[in-house]
Amino acid sequence: MRLALDSAREAGVAGDVPVGAVIVRGNEVLARAANRTVRDKDPTGHAELLAIREAARKIGDWRLTGCTLYVTLEPCAMCAGAIVLARLDRVVFGAFDDKAGMAGSVGDFLRHPRLNHRPEVLARVLSDEAGTLLAEFFRERR
């Protein structure tokens, strides 16, 4: 999660919402990404999606079984869908997102009982640090 927080800080410095993501398999970091929606003018430029794409390229398969995604903010609907489709085994996130989170806040897409894949979810890992990054970012813009 510390690597994800470092990526989140990089996103914030670049003017993007400070969210970072890291995908790990065993002890190997497969991918690391920061939000790029503003920089790339791309609504799909979320850290989770960028990390999923990079990890899939690195291992040469779209199935990311055996992998864990660490992300500083609870995934949105788009990212939760990609997580399920990529078959990630586990999702660890920091801060809850009361406006768009789909791992327990607004809904719980990641653990929906009708889906064929449901990753293990662990919330609130370094949530104070992740939440502070987000709060400071938005406070500076208001």
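Two rings of Phe, Tyr or Trp form a pair if their centres lie within 6.5 Å, and a pair counts as edge-to-face if the planes are over 60 degrees apart. Under this rule, two aromatic pairs were counted in the structure, which is a predicted model.

One of these pairs joins F93 and F96, with ring centres 5.1 Å apart. The planes of F93 and F96 stand at 90 degrees, so the arrangement is edge-to-face. F93 is classed as buried because its relative accessibility is 0%. F96 has a relative accessibility of 30% and is therefore classed as partly exposed.

The rings of F137 and F138 also form a pair, with centres 5.1 Å apart. Their planes meet at 85 degrees, so this pair is edge-to-face as well. F137 has a relative accessible area of 7% and is therefore buried, since buried means under 20%. For F138 the relative accessibility is 32%, so this residue counts as partly exposed.

Another residue examined was M78, which lies in helix 4, a helix covering residues 77-86. The relative accessibility of M78 is 32%, so M78 is partly exposed. When residues up to four places away in sequence are left out, M78 is in contact with P43, T44, H46 and L49. The separation of M78 from E48 was also computed: 30 residues along the sequence, and 9.5 Å in space from C-alpha to C-alpha.

Methods:
Residues are numbered from 1 along each chain as its sequence is written. This is a predicted model: local features need pLDDT of at least 70, side-chain atom pairs count only at pLDDT 80 or more; totals for chains, interfaces and linings use all residues. Side-chain values use heavy atoms; hydrogens and water are left out. Helices (H or I, at least four residues) and strands (E, at least two) are DSSP runs, numbered from the N terminus. Buried means under 20% relative accessible area, exposed over 50%, partly exposed in between (1.4 Å probe, protein chains only). Contact means heavy atoms within 4.5 Å. Rings of Phe, Tyr and Trp (its six-membered ring) pair if their centres lie within 6.5 Å; planes under 30 degrees apart count as stacked, over 60 as edge-to-face and the rest as tilted.
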